[in-house]
Amino acid sequence: MARKLQVSHLGKTFGELRALQDINLAVERGEFIALVGPSGCGKTTFLRIVAGLEPASSGEVTLDGRAVRGPGGDRGFVFQSDNLLPWRTVFANAIIGREVAGRVGPAERQRTMELLKLVGLEGFEHYHPRQLSGGMRQRVNLARALAIDPEILLMDEPFSSLDAQTREIMQTELMRIWEDGRKTVLFVTHQIDEAVFLADRVLVFARRPGRLRESVVIELPRPRTLAIKRTAEFVRYVDHIWRLIEDDVRASVIEEKV
Amino acid sequence: MSGGEGQVVQGGVQPRPAAGMRLPRLYLAGVVSVLGGLLLWEVVSRFLVANALFLAAPSQIFTAIAALAKSGELWRHMSISGIEFALGYAIASVLGVVIGFAMAESATMKRVLQPWISGLYATPTIALAPLFILWLGIGIWSKVLVVIFLVLFPVTINTEAGLRTTSERLIEMLRSFGATPRQIFFKVSLPSAVPFILAGLKLGIGRGLIGVVVAELFGSRAGLGRLIAQAADAFNMPELFAGVVVLAVAGITLTAGFGWLENRLVPWTKD
């Protein structure tokens, strides 16, 4: 099977702080990877390094065999806050990645329209962000990343600002969209059940220094529905991952209070 | 999946209340307040002061305006002041935006210009009007220069601030697609600075109008400031107030027009 993303001996320091230490990882094409861990474990930093938004201090990230040196159109980033441009319509926001690449022809417009339909925003193309709900804005955020047809989708806690019900709906929507194209995905989240529900593999991070503690393969059948969250197998995965990070989370909570 | 679609439809756009229906009520209190104030003014000046040397009643002011309009005097003064304001305002707007851009783009430029901009913004440069008249004569250009001095700095400062305070998150979003600095400037920084630039231009309207009139008071052949000065010399209070009222109406109209323009150009800043 083709290896999509290869991370070797990756390290990152911010001054004295060792944010990431010796991360090694291989991701296959079409794999859905979730990253969980306590606050300050470096999972978002890791994602930003893969995106090229942050330089690594040591080690290397390669995508399709090419070393990552900066941001590029082969990676689509879905931000935690939607970061939509308020003066642009939904359509104009979704197509901006294509614009940056300098290619906006009829084919790109057509493709963007199809993506907006895929994320459930058909008929909303000419709305402005302020007219949309939080869930809809995150759909535009997702469509914008998909519109450049990236090799890999990098998602940084994209549903964390949504209410619990909307979040569950967005999880199933993301599964539906993902089944459609089977992009390779790295998905950072705080929520263990979200990670287990979505991923083929959950990477559990530890903190101080930020490092990879365990890689948990999720062998739940696909396509998955929300009902799977109530099965014993699902709960076992969640319990297992929770035990892996529990002490770290308690430590980080105490630190934040002080 | 179907639940998701339902969410889109339900969580979608709420229809806005029909704005036109509520407007009269919204304005009712304001209209009553203004009419009441005018009535009070009329009564006070007619029965309490009762001396046209000290206060003119609204009815007398209105009569004076009508007379000035009929004789053609009003248009002459208005057009001179209007030209002075328009020239100064246009030059200052273009110059202010250009300097603001330069300061936002180059740190050196900012360090060099900042003390002058801040200093001159805080200085009541209108006091230099007599000097400008000495330099440029009592024609329109001395007034144009005063207007430039008053309008330039708020526009410059706002342009620079607008470009500087562009949301880091939006810049990063564009950067994630591999955007060049040039693309970031035109697709994010510039559009997000537009509301700031418009606010600076709006601030400039009032300052510019004051500049025109005060500069004309110091020395001029025509203009609304001239009209006011003549009326004051002749103790013609209705005519003095006529000039002031015309100016007030011009200021209100221009500012309201600007508000309308803002609603059209940068609607996202409104809610």
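Reply: Two strands pair if DSSP finds at least two bridges between them. Strands are DSSP runs of E with at least two residues, helices are runs of H or I with at least four, and both are numbered from the N terminus. This is a predicted model, in which local features need pLDDT of at least 70 and side-chain atom pairs count only at pLDDT 80 or more, while totals for chains, interfaces and linings use all residues. Residues are numbered from 1 along each chain as its sequence is written, and chains are lettered from A and ligands numbered from 1 in the order in which they are written.

Me: What makes strand S1 of chain A and S2(A) a pair?

Reply: Eight bridges join S1(A), residues 3-14, to S2(A), and the two run antiparallel. The rule asks for at least two bridges, so the pair qualifies. Within this pairing, Val7(A) stands opposite Leu25(A) of S2(A).

Me: Which order do the strands take in the open sheet of chain A, and why is one side of S2(A) and of S5(A) left without a neighbour?

Reply: The sheet has four strands in the order S2-S1-S4-S5, with antiparallel pairing. Strand S2 (17-28) and strand S5 (66-67) of chain A are at the edges and have a single partner strand each, so one side of each lacks a neighbour in the sheet.

Me: Why is His9(A) called exposed?

Reply: His9(A) has 12 C-beta neighbours inside 10 Å, so it counts as exposed. His9(A) belongs to strand S1 of chain A and has a positive phi of about 50 degrees although it is not a glycine. Most residues other than glycine have a negative phi, and most peptide bonds are trans.

Me: What makes Arg208(A) partly exposed?

Reply: Arg208(A) has 17 C-beta neighbours inside 10 Å, so it falls into the partly exposed class. Its place is the loop between S9 and S10 of chain A.

Me: How do you know that S9(A) and S10(A) pair, and what lies between them?

Reply: S9(A) and S10(A) share six bridges in the antiparallel sense, and the rule asks for at least two, so they pair. Phe205(A) has Leu212(A) in S10(A) as its bridge partner. The two strands form a hairpin with four residues between them, and Arg208(A) in the turn has a positive phi of about 55 degrees. A cis peptide bond with omega of about -5 degrees joins Arg208(A) to Pro209(A). Another cis bond, from Arg222(A) to Pro223(A), has omega near -5 degrees, and Pro223(A) is in the loop between S10 and helix H8 (232-257) of chain A.

Me: What does H9(B) span, and where does it bend?

Reply: A straight helix of 38 residues would span 56 Å, but H9(B) spans only 49 Å between its end C-alpha atoms. H9(B) bends by about 35 degrees at Val194(B), and Pro195(B) follows within four residues. The bend is the angle between axes fitted to the seven residues ending at a residue and the seven starting there.

Me: How does the radius of gyration of chain B stand against a compact globule?

Reply: The radius is taken over C-alpha atoms, and the globule rule is 2.2 Å times the number of residues to the power 0.38. A compact globule of 271 residues would come near 18 Å, but chain B has 24 Å. The C-alpha atoms of chain B fill a box of roughly 80 × 50 × 30 Å along the principal axes. Chain B has 11 helices and zero strands, and buried residues make up 36% of its 271 residues.

Me: What counts as contact between chain B and chain A, and how many residues take part?

Reply: Two residues are in contact if their C-beta atoms, placed from the backbone, lie within 7 Å. By that rule, 23 residues of chain B are in contact with 29 residues of chain A. H8(B) gives the largest share of the chain B side, seven residues.

Definitions and conventions
Expected span 1.5 Å × (residues − 1). Buried ≥ 20, exposed ≤ 12 C-beta atoms within 10 Å, placed from the backbone.
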